[in-house]
Amino acid sequence: AHLDRIAAVDGAVHAFLQVDTDGALAQASAADERRAAGSPASALDGVPIAVKDVLATKGLPTTCGSRILEGWVPPYDATVVARLRAAGLPILGKTNMDEFAMGSSTEHSAYGPTHNPWDLDRIPGGSGGGSAAAVAAFEAPLAIGTDTGGSIRQPGAVTGTVGVKPTYGGVSRYGLVALANSLDQAGPVTRTVLDSALLHELIGGHDPLDSTSIDQPLPALVEAARQGATGDLSGVRIGVVTELGGEGYQTGVLARFQESVDLMVKAGAEVVEVSCPSFVHALATYYLILPAEASSNLAKFDAMRYGLRVWPEGIENASAEEVMRATRDAGFGDEVKRRIILGTYALSSGYYDAYYGQAQKVRTLVTRDFEAAFAQADVLVSPTAPTTAFRLGEKVDDPLAMYLNDLATIPANLSGVPGISVPSGLAEEDGLPTGVQILAPVQADDRVYRVGAALE
Ligand code: GLN
């Protein structure tokens, strides 16, 4: 049914870069047999899933939305993918994304943009717009995204889906093509909070192949979602973050957010206002740390090891350096080049202290603000994204306007805390989806599921 739905609507939505029809059908019939025999591999055995094209899939092309990886077929599965296969979930295909996960609209994909199923002239968020659109358009019941600065949560908000960024280290990064190693996390994209909890429990937990993986059991996420679904939040302290609202946020987004807070109060929660003064610097901090890490990560695309190789025109016996230059010139898009230049600059010896070093200090302040806020509240809440889905083309040539979409989501990545975005209704002025973000302390992912489920 999902393959039929993809065939019917993906021409217009373009959520997928690859659809693995034969593979998905074979995995589905194997799941049918296990179920008929009464021995399903997991709670989600046989439930199809879409995977963001930044995770390595053995035998299935993995492009990261970039020309430079065109034609690359990984010889191994990312741990997340291996766990999906072991749990019996048929993989429908790979979803579209901004090139190397840099962007907030999926317009930076080298393979053309994804369209928001709510209004095909609008963006589905980014960088994981493909995963969110696939779920929103009923092409897949579940998807995997990755979130370095909001790429699961912001697409969730603007497509009316649920998206979770787990605690840093809670889900293995092995086989996830790194954008910024200290910020990246893979996580669920679904239609309900309980679905995310079920999926998170399957993909999460310790992995010896990832040196930053937390060697502790996951909190009880499904149980927390079920508890929240009873609608009782008594005893839960909710902190509304002063700095994540107000100026720069669309009126209808703020109105729906206030409604969500009112719902929490009705459910018995206690609401307090908390201030995190350093959060106003989080965006600037992120846009130094991220390009710095990304510029180093992208150095491996050298025309020798993976994918594309371009021979420079008119040069006979071109040197390795000349081939590398021609390949990187043709293979990387503008946003990727911009960040390589920014990152290389921020890391260069004369500027290191002034930029990268300074950003690391502010990162510590963000973590301290979180600690102080979590002493006053069990979870923190804000709108997930400052606006609803904007029109395709509206911000693509204005990097600063594009970066501002991440205002509310970035602090969580800088400190490794978990966050969820849950639909909070349609904005009155444009009838488009909005989302509420719920953040919890490191390793307290269960709290975002409890509070998130109470809002459904
Ligand atoms: N919009 C952010 C960026 O462009 C999101 C990145 C992400 O989470 N992958 O960096």
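Isoleucine 49 has isoleucine 91 in S3 as its bridge partner. The two strands involved, S2 (residues 49-52) and S3 (residues 91-95), pair in the parallel sense over four bridges. Pairing requires at least two bridges found by DSSP. Strands (E, at least two residues) and helices (H or I, at least four residues) are DSSP runs, numbered from the N terminus.

This is a predicted model: local features need pLDDT of at least 70, side-chain atom pairs count only at pLDDT 80 or more, and totals for chains, interfaces and linings use all residues. Residues are numbered from 1 along each chain as its sequence is written.

**The sheet**

S2 and S3 belong to an open sheet of 11 strands with mixed pairing, in the order S1-S3-S2-S4-S6-S5-S10-S11-S9-S7-S8. Its edge strands, S1 (16-19) and S8 (270-274), each pair on one side only. On average, neighbouring strands are turned by 25 degrees against each other, direction ignored. Helix H4 (residues 129-136) packs on the sheet. H4 touches S1, S2, S3, S4 (142-147), S5 (162-165) and S6 (185-190), and its direction makes about 155 degrees with that of S4. Contact here means that C-beta atoms, placed from the backbone, lie within 7 Å. Helix H12 (residues 353-376) lies across S7 (237-241), S8 and S9 (379-383), at about 150 degrees to S8.

**Backbone exceptions around H4**

Most residues other than glycine have a negative phi, and most peptide bonds are trans. The bond from glycine 126 to serine 127 is cis, with omega near 5 degrees. Serine 127 sits in the loop between S3 and H4. Phenylalanine 138 has a positive phi, near 60 degrees. Its place is the loop between H4 and S4.

**Helix pairs**

Axes are lines fitted to C-alpha atoms, for helices over the stretch in contact; angles run from 0 to 180 degrees between N-to-C directions.

| Helix pair | Angle | Axis distance |
|---|---|---|
| H9 (residues 282-297) and H11 (residues 334-347) | about 100 degrees | 7 Å |
| H6 (residues 193-203) and H7 (residues 221-229) | roughly 170 degrees | within 8 Å |

H9 is therefore roughly perpendicular to H11. H6 and H7 are roughly antiparallel to each other. The classes are: under 35 degrees roughly parallel, over 145 roughly antiparallel, 65 to 115 roughly perpendicular, the rest oblique.

In H6, Val193, Leu194, Ala197, Leu198, His200 and Glu201 meet Leu221, Val222, Ala224, Ala225 and Ala229 in H7. This contact divides into nine nonpolar, one polar and one charged residues. Ala, Val, Leu, Ile, Met, Phe, Trp, Tyr, Cys and Pro count as nonpolar, Asp, Glu, Lys and Arg as charged, and the others, Gly among them, as polar. In H9, the contact residues include Leu288 and Pro291; in H11, they include Arg339 and Ile340. The contact of H9 with H11 has eight nonpolar, three polar and one charged residues.

**Domains and ligand**

The chain is assigned domain 1 (2-277 + 368-454) and domain 2 (282-359). These bounds come from an automatic or database domain assignment. The C-alpha centres of the two domains lie 27 Å apart. Their contact takes 28 residues from domain 1 and 23 residues from domain 2. On the domain 1 side, H13 (399-403) and H14 (410-415) each supply at least two residues. H14 gives the most, with three residues. That side divides into 16 nonpolar, eight polar and four charged residues.

Of the 13 residues around the ligand, Ala101, Ser104, Thr148, Gly149 and Ser151 come nearest. By class, the shell has four nonpolar, seven polar and two charged residues.

Conventions. Contact = placed C-beta atoms within 7 Å. Near = placed C-beta within 6 Å.
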